[in-house]
Amino acid sequence: MKRSEATAEAPPQSVSRLDEKRADKTQRIVTAGLTLFAERGFHGTSIPDICKEANVAAGTIYRYFESKEALVNAVFRASKARLRDCLFDGLDTKAAPRSLFRDFFWRLVAFARSCPTDFAFLEMQDHIPYLDRESRDLEIAVLAPIWLVLLEHRNNGVMKEVRPEIVIGMVWGALVGLMKGERMGYFKVTEQDLVDAEQACWDGMIRRAGGTN
């Protein structure tokens with residue numbers, strides 16, 4: 001009876017180990033994809049390159065992802081989810097505009113510093129052609145709260161008459177330029193540089209330069 005019970009319990013344990021191995025290999029493939037896509041771009045990265053980086057046999061990727069497009073969407077969603085968590089976990093969207101913008105800017109800096117490969121991947125401009133519906137929906141879900149806050153502050157007179165999406169592009173572009181310039185060795189970005197950049201972005205947004213709303 002005890003032998004029978006032990007035999008009955010074995011399959012769930014085996015399935016669990018199999019699931020763990022599958023999850024581990026999936027994560028290795030996604031991590032390898034992120035590293036290479038960030039470095040070489042989507043079109044410059046091949047499936048054999050990813051297999052080599054992930055240390056898996058050639059063709060193994062197709063057991064987990066049906067195509068390179070499916071893999072890059074998984075990479076995109078994972079990176080975008082990390083960005084979303086960094087930006088919004090514990091963020092007080094009801095804080096005064098000046099305080100809220102400062103908090104948001106430094107959260108973006110923290111993401112760029114702590115997840116540089118994700119940041120480098122997301123800063124690329126060629127995502128749209130291969131993003132699927134789930135990825136596009138996540139992109140909108142991350143941008144929508146920011147867009148709504150900016151619209152509110154534009155309507156209540158804090159911000160200039162600039163469309164929220166333009167402001168998002170300006171702030172993101174400013175930080176991308178700084179981080180990319182540092183990564184490529186053009187210059188070193190100090191904490192004071194970031195303080196100055198945050199202030200410059202704020203001054204460019206508000207209706208009255210130097211306002212403290």
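1. Helix H6 contributes the most to the lining of the largest pocket, namely 8 residues. The model under discussion is a predicted one.

2. Two or more lining residues come from each of helix H3 (68-88), H4, helix H6 (133-155), helix H7 (164-183) and H8.

3. Sorted by class, the lining of the largest pocket consists of 28 nonpolar, 5 polar and 5 charged residues.

4. Turning to the aromatic residues, the structure contains 8 aromatic pairs. One of them joins Phe 37 and Phe 42 in a tilted arrangement, with 5.9 Å from centre to centre and 35° between the planes. Phe 37 and Phe 42 are both buried.

5. Phe 37 and Phe 42 also belong to one aromatic cluster together with Phe 121 and Tyr 130.

6. Why is the pair of Phe 101 and Trp 202 classed as tilted? The ring centres are 5.7 Å apart and the planes of Phe 101 and Trp 202 meet at 35°, so the pair is tilted; planes under 30 degrees apart would count as stacked and those over 60 as edge-to-face. This pair links distant parts of the chain, since Phe 101 lies in helix H4 (residues 97-114) and Trp 202 in helix H8 (residues 191-205), 101 residues apart. Both Phe 101 and Trp 202 are buried.

Terms used
Residues are numbered from 1 along each chain as its sequence is written. This is a predicted model: local features need pLDDT of at least 70, side-chain atom pairs count only at pLDDT 80 or more; totals for chains, interfaces and linings use all residues. Side-chain values use heavy atoms; hydrogens and water are left out. Rings of Phe, Tyr and Trp (its six-membered ring) pair if their centres lie within 6.5 Å; planes under 30 degrees apart count as stacked, over 60 as edge-to-face and the rest as tilted. Buried means under 20% relative accessible area, exposed over 50%, partly exposed in between (1.4 Å probe, protein chains only). Helices (H or I, at least four residues) and strands (E, at least two) are DSSP runs, numbered from the N terminus. Ala, Val, Leu, Ile, Met, Phe, Trp, Tyr, Cys and Pro count as nonpolar, Asp, Glu, Lys and Arg as charged, and the others, Gly among them, as polar.
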